[in-house]
Amino acid sequence: MNEIRIQSEPFDPNIEVDILRAGNPAIGGVVSFIGLMRDINEGETVSTMTLEHYPGMTEKSLQTIVDEANQRWDLLGSRVVHRVGEMKPTDTIVLVAVASTHRGEAFQACEFIIDFLKTRAPFWKKESTPEGGRWVDARHSDDEAEARWKL
Amino acid sequence: MIKVLFFASLRERLDKESLEMETEGLADLGAVLTRLRERGGIWADVFAADQTVMMALNQEMTGADTQVQDGDEVAFFPPVTGG
């Protein structure tokens, strides 16, 4: 079961993982990545952050990434949940959880999905700081992380 | 006609979410970009040759040499920063 969800409401990543593993005794391991909002970025205090996305394309691009992961590894399910709209420090921004028979495939697939989400899925962060609002710049290190997978 | 969408910092700088464009004479996405640049002012700045602008055709990320046709949905946006 592969679930992809974009939502403005907060969510509990633990519940998502419970749902992912429920009722499938073939699952030997689940690897999850939980992305959190920090209160400092580029040396400035960030009070809130607003995430914009491209409805339609976002879901499509995440589906493509998850499909690719399923082609590369034997997976027993995955869940990708991403928040949009306004959030505050400590909030969960994103969850990527992958289940498989053994840990190796789950670790790799989870990292693959988050790496490509960061460079291919149309989300944009805008931070509120004491200096005003600012759009977050893309990181070169994210491109390098993606390039390791050699698509 | 094609529909052209703008997101994030591009949308803010242009003060525009979307517009419609005649397809006549538009070979590819690069031509769409050039036509936007030719509007001048802030449009020339946002779509200047040294700016990193990403693009999508019908909700799939692609490059400037991708052909466009009537009814397509085109989008321009800055590098993505989700996750």
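Analyst: Let's start with one pairing: strand 1 of chain A runs parallel to strand 6 (residues 77–83) of chain A, over 6 bridges. Strands here are DSSP runs of E, at least two residues long, and helices are runs of H or I, at least four, both numbered from the N terminus; two strands pair if DSSP finds at least two bridges between them. Within that pairing, Ile4(A) sits opposite Val80(A) of strand 6.

A quick word on ground rules: this is a predicted model, where local features need pLDDT of at least 70 and side-chain atom pairs count only at pLDDT 80 or more, while totals for chains, interfaces and linings use all residues. Residues are numbered from 1 along each chain as its sequence is written, chains are lettered from A and ligands numbered from 1 in the order written, and side-chain values use heavy atoms, leaving out hydrogens and water.

Zooming out, the open sheet has 4 strands in the order 1-6-8-2 in chain A, with mixed pairing. Its edges are strand 1 (2–7) and strand 2 (29–36) of chain A, each pairing on one side only. On average, neighbouring strands are turned by 5° against each other, direction ignored; axes are lines fitted to C-alpha atoms, for helices over the stretch in contact, with angles from 0 to 180 degrees between N-to-C directions.

Now the helices. Helix 1 (residues 13–21) of chain A packs on the sheet and touches strands 1, 2, 6 and 8 (92–100), contact meaning heavy atoms within 4.5 Å. Helix 1 makes about 20° with strand 8 of chain A. Helix 3 (residues 103–120) of chain A also packs there, touching strands 2, 6 and 8, at about 145° to strand 8.
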